[in-house]
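Subject: Structure handover

Hello,

Please find the structure below. My notes on it follow.

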Amino acid sequence: MDPSALSKQQYYLDNEHRYGAHDYHPLPVVLARGEGVYLWDVDGKKYFDFLSAYSAVNQGHCHPRIVHALTTQAQTLTLTSRAFHNNKLGDYLKFTTEYFGFESLLPMNTGAEGVETAIKITRKWGHVLKGIPEGMAKIVVCRNNFHGRTTTIISFSSDAGSHNHFGPHTPGFVPIPFDDPAALEDVLANDPHIAGFLVEPIQGEAGVYTPADDYLKKVRAICSKHNVLMIADEIQTGVARTGSLLAVCGQCSCENACERQADTYVRPDLLILGKALSGGAYPVSAVLSDRKIMDVIQPGQHGSTFGGNPLGTTVAMEALAVVKDERLMQNARRLGQIFRKQMQAYIDQSRIVQLVRGKGLLNAIVINDLEESDTAWNICLRLRDNGLLAKPTHGNIIRFAPPLVMTEEQLHQCVEIITTTLREFEP
Ligand SMILES: Cc1ncc(COP(=O)(O)O)c(C=O)c1O
């Protein structure tokens, strides 16, 4: 049907509903353009983006430097496959390993592929280097995790919708509670077949659950004690989102260059990145580790047609350069403190919001209603009407994660929109 015959938004909503799989439940808004912290819908209405494509667009929408890198490289060379070398991959590997402080990198495309890659490396390391009998290597995971959507990954998801009816499930995963070092110690001490511990430094999809400040330090010590690989999934938390380069950096206060401050930084054995690694302009993910671990993978044992392609690697290098040049981690740290302080001031006299939690610009508020309620959804619809786009992570939790290029003045405008909207829902 011709778009002019219907409201423009309805035309696009109808087509998606009629011809697409119903695997998402999007907020009813149809976006056509983005720039920095702003999005515009097909009718020209302007919004603040408070989701950043699940923390992929940390550098802001259509960042001119990233778009320039993308379009220039797209006219030069896009894909060679790894059957041949290309003149971008080596530069990317050097740049990115130095940037994050690891010896090697395995390039993939989506976050879930990065997690799958880390699982394979860990299992092979367990069998070949730790001496776990073949086929017996296990990985400890946290309850309420979110690591992606592949068959193996949903095998260890505790979310019924993600998990149920998709079996037979992949065995070899041991769930423990998040933010519980004693549970980790207990399982590692009693099972010599554990090869790795896979953890999100902050559980994003679960509702921005932020663990105790010393949790990751304790995890590191326990994993080292039992010769188990610590695998940090920083797909959502990494690349400046939490006010440090990585969430494993802890409460760093690095001002210019990343110093990996000894008193706060926790170094995982495997680091998984995706999303903002390419500023949301192209799917790029990666697993980083030191040589002795990475070298368990030999030719023919892992790979991807698109992984490490010249377009993706060029975009990722520019996206990472933008993060440093524009001091996005420092900005996220400062604005995050202001945001939580202002939200707390509102919550102190609110009956509809219970609490705000998070780090840097990865935050969430918990609505004072049941998890099954639609209050958070209705608040997000009203936020949309008032010019700000956010999405519930569960029935009663709303995540707030704007692009990190936001200014303080824009943040104040956003807090005003959010608190005005929440006031409409106060009993
Ligand atoms: C922590 C974490 N891991 C993995 C993924 C999966 O990434 P992708 O959707 O790119 O496969 C996500 C996506 O939200 C995530 O937040």
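Which residues on the other side of helix 9 are exposed? Before the answer, please keep in mind that this is a predicted model.

Helix 9

Helix 9 spans residues 215–225, and its buried residues are Leu216, Val219, Ile222 and Cys223. These four sit on the same side of helix 9, because they cover an arc of only 120 degrees around the axis. The other side of helix 9 has the exposed residues asked about above, Ser224 and Lys225.

As for what lies over the buried residues of helix 9, the cover includes helix 8 (181–190), strand 7 (194–199) and strand 8 (229–233). After helix 9 comes Asn227, which has a positive phi, near 55 degrees.

Domains

The protein chain falls into two parts: domain 1 (3–59 + 328–423) and domain 2 (65–325). Between the C-alpha centres of domain 1 and domain 2 there are 26 Å. Domain 1 puts 26 residues into the contact, and domain 2 puts in 25 residues.

On the side of domain 1 that touches domain 2, these elements give two or more residues each:

- helix 2 (52–55) and helix 12 (328–347)
- strand 11 (353–359) and strand 12 (362–367)
- strand 14 (391–394) and strand 15 (397–400)

Helix 12 supplies the largest share of that side of domain 1, with six residues. By residue type, the side of domain 1 that touches domain 2 has twelve nonpolar, ten polar and four charged residues.

Four strands form an open sheet in the order 11-12-15-14, and their pairing is antiparallel. Which strands are at the edge of this sheet? They are strand 11 and strand 14, each of which pairs on one side only. From one strand to the next, the twist averages 30 degrees.

Val353 has Ile367 of strand 12 opposite it. In general, the strands of a sheet pair through backbone hydrogen bonds, in either a parallel or an antiparallel way.

Regards

Note on methods:
Residues numbered from 1 in each chain as written. Predicted model: local features only at pLDDT ≥ 70, side-chain atom pairs only at ≥ 80, totals over all residues. Buried ≥ 20, exposed ≤ 12 C-beta atoms within 10 Å, placed from the backbone. Arc of directions from axis to C-beta. Contact = placed C-beta atoms within 7 Å. Domains from an automatic or database assignment. Nonpolar A, V, L, I, M, F, W, Y, C, P; charged D, E, K, R; others polar. Pairing = 2+ DSSP bridges. Axes fitted to C-alpha atoms, helices over the stretch in contact; angles between N-to-C directions.
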